[in-house]
Amino acid sequence: MKLYCLSGHPTLPCNVLKFKSTTIMLDCGLDTTAALYFLPLPLVHSPRLSKLPGWVSKDGAVNLEKKELLDLSTIDVILISNYHCMMALPYITEHTGFTGTVYATEPTLQIGRLLMEELVTFMERVPKAQAATCWKNKEIQRLLPGPLKDAVDVWSWRKCYSVQEVNSALSKVQLVGYSQKELFGAVQVTPLSSGYSLGSSNWIIQSHYEKVSYVSGSSLLTTHPQPMEQSSLKNSDVLILTGLTQIPTANPDGMLGEFCSNLAMTIRAGGNVLVPCYSSGVIYDLLECLYQFMDSANLGSTPFYFISPVANSSLEFSQIFAEWLCQNKQSKVYLPEPPFPHAELIQTNKLKHYPSIHGDFSSEFRQPCVVFTGHPSLRFGDVVHFMELWGKSSLNTIIFTEPDFSYLDALAPYQPLAMKCVYCPIDTRLNFHQVSKLLKDIQPLHVVCPEPYTQPPPAQPHRSDLMLELQPPPMAYRRCSVLGLPFRRRYERIHLLPELARSLVPSEIKAGVSVATVSAVLQSKDNKHVLQPVPKPAPVPPSKKRKRVTEEPPEVLNPKPLLSGAVPLEPFLAMLHKNGITEVKVEETADGHILHLQTEDVLIQLEEDATHIICDNNEPLRTALRDLVLRFLQKL
């Protein structure tokens, strides 16, 4: 069994597991942090950005060589754990010759579709007049300003996919429910609730005798999704762990408190609040928190604006996937009440949503207000316009809640900046204390995880509590590494054809246990093994003229009888004495006993699963001793 690591981002994983002749991709996250290396894409003309000098190379075009760790066309199945970890799916299904199946839950599919469509819209509504590729040549790249000159594998970067590619990729997804078992050859895959987001899953990958658990993006906190299912993860031979919190020192509840207090402070001073965020996920919890907070803070008249090409669909999906919500929110559906309070915010016009800043928004917009919009990188989307619009006033505040991007790097192109910046990252995924307790409870034999989890953060080398300390130590992987997993396949399940089963003659070797010998032909196909009767040789057709037979049919030999049982020491010594062998020295060993027949100079080793008679140049005696041993054993 081998594990191929294709991603260097622990919370946006992409691993490939080879298990029982099946190639399984575990997630396909898209790392967009490289967007921070580039200038923002403004929706309207920005004089400030347009005046920045460009960088020109005098070198010509170059050929790019592509190296691959793995042929992605050989992948049989892709398992998706949550909608953030499927953003690279079109690159795999549409450009590698992939012919397999993708498994995901319905919320993961539908919200993943929204995030992909949003990304495509962000890119396509700001078309670039030119496309540049020469800078990807290593000789040119090293001349670029940092951090682009230090970027790794820039030749593998691709332009954004299209809506057609998104639709084609998602047509290959097969929907599954929690605890629903899907067979793929000899491998069975089962999704379990991970507690992180709507429809998010951990996966059990098992055969009849081996079990691998894949834990990615899980949460034990009580938020809107179904709680994490833990008991099914027990008795795992290997547990692959990824997607832990990116900010282990920040408490989500504490961050929500800071978010609300900074927002209220800005609104009271007459300023606006900008919240760069994804269009699904934490935004639901932020709106619920503000729903309770704003009235108590006497700020109930403050308008909220949610601006995204998929804002309406996202808010609707959160209300209709009732069976994927926690029990508290599920119960509201049957009252009937909307599970999320943002439905009431919309009805009372406190929350308004728009596809973009153009159209109705510009005429209905009033200040001071709170705007939720994307993209969290501040490099594309409507957020770029608000940074240009509000960045010059110290009354305004930008509050970062998404932990995926460095907020200092995100703000760099907008400096000097007068608006206040607050960092309140909210990441509900497992921290190191929680995951250590979880692993103690489920006790996998081996744990495999990204290398950063096995050492303290570089900025805090003394914090040994911010790493995994396990016994045995976890196996660590890094990008482009291949791990041989400590997994020995000892058993396989074999099916007998009925006619072969009818021919068996079981012998009882002890109460309730019977065994039978079998001679058969083993057929293995698609990881399934079948025992078939030995074919009888075809009869030779009669002929007038005797032909010389050049090939003899293969001879089927009858198997030697098998022996069952054990040779008990005291009765065997009595049997030897009865047959005239009286001088026997007995020595106890770790595996049984050694009997030294001193007069005959013979050694007999009695072990649990074998008996050895060491007798030189006396075949009649060896045969006689063998017959005495056989009296205590049962022939099958």
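Analyst: Happy to! Strands here are DSSP runs of E with at least two residues, and they are numbered from the N terminus. Please keep in mind that this is a predicted model.

User: Where is the place of S21?

Analyst: S21 is not a glycine, yet its phi is positive, about 65 degrees. Its relative accessibility is 71%, and exposed means over 50%, so S21 counts as exposed. As for its place, S21 sits in the loop between β2 (15-19) and β3 (22-26).

User: C480 is not a glycine either, so how does it count by its relative accessibility?

Analyst: C480 has a positive phi of about 70 degrees, and it lies in the loop between β19 and β20 (482-484). Buried means under 20% and exposed means over 50%. C480 has 43% relative accessibility, so it counts as partly exposed.

User: Is H84 buried or exposed?

Analyst: H84 belongs to the loop between β4 and α2. Leaving aside neighbours within four places in sequence, H84 contacts L12, G29, L115, Y196, Y278 and S280. The cut-off for buried is under 20%. With 16% relative accessibility, H84 therefore counts as buried.

User: Which handedness does the unit of β4, α2 and β5 have?

Analyst: Strands β4 (residues 77-79) and β5 (residues 101-104) run parallel and are joined by 3 bridges, with Y103 of β5 as the bridge partner of L79. Helix α2 (residues 89-95) is the helix of this β-α-β unit. The unit is right-handed.

User: Which residue of β6 does A104 stand opposite?

Analyst: Strand β5 also pairs with β6 (residues 173-175), in the parallel sense and over 3 bridges. In that strand, the residue opposite A104 is L175.

User: Why do the buried residues of α16 line one face of the helix?

Analyst: Helix α16 (residues 569-578) has L569, F572, M575 and L576 as its buried residues. Seen down the helix axis they fall within a limited arc, so they line one face of α16. E570, H577 and K578 are exposed on the other side.

User: Which residues touch the most other members of the largest nonpolar core?

Analyst: That core has 103 residues. F259 is in contact with V275, L286, L290, F372, I399, T401 and C424, not counting residues up to four places away in sequence. A second, separate core has 23 residues, including W203, Y214, V238 and Y477. In the largest core, the residues that touch the most other members are I78, L89, F259 and F372.

User: What is omega for the cis peptide bond that joins Q367 and P368?

Analyst: P368 lies in the loop between α11 (360-364) and β15 (370-373). The peptide bond from Q471 to P472 is cis as well, with omega near -5 degrees, and P472 is found in the loop between β18 (446-450) and β19 (475-477). For Q367 and P368, omega is about -5 degrees.

User: How far apart do the end C-alpha atoms of residues 283-411 lie?

Analyst: An unreviewed UniProt entry places the feature "domain: Beta-Casp" at residues 283-411. This span is 43% helix and 12% strand. Its end C-alpha atoms are separated by 21 Å.

Definitions and conventions
Residues numbered from 1 in each chain as written. Predicted model: local features only at pLDDT ≥ 70, side-chain atom pairs only at ≥ 80, totals over all residues. Heavy atoms only, no water. Buried < 20%, exposed > 50% of the residue type's maximum accessible area, 1.4 Å probe, protein only. Helix = DSSP H or I, 4+ residues; strand = E, 2+ residues; numbered from the N terminus. Arc of directions from axis to C-beta. Core = buried A, V, L, I, M, F, W, Y, C linked by side-chain atoms within 4.5 Å. Contact = heavy atoms within 4.5 Å. Pairing = 2+ DSSP bridges. Right-handed = clockwise from strand over helix to strand, strands pointing away. UniProt positions renumbered as here; feature names shortened; annotations may be inferred.
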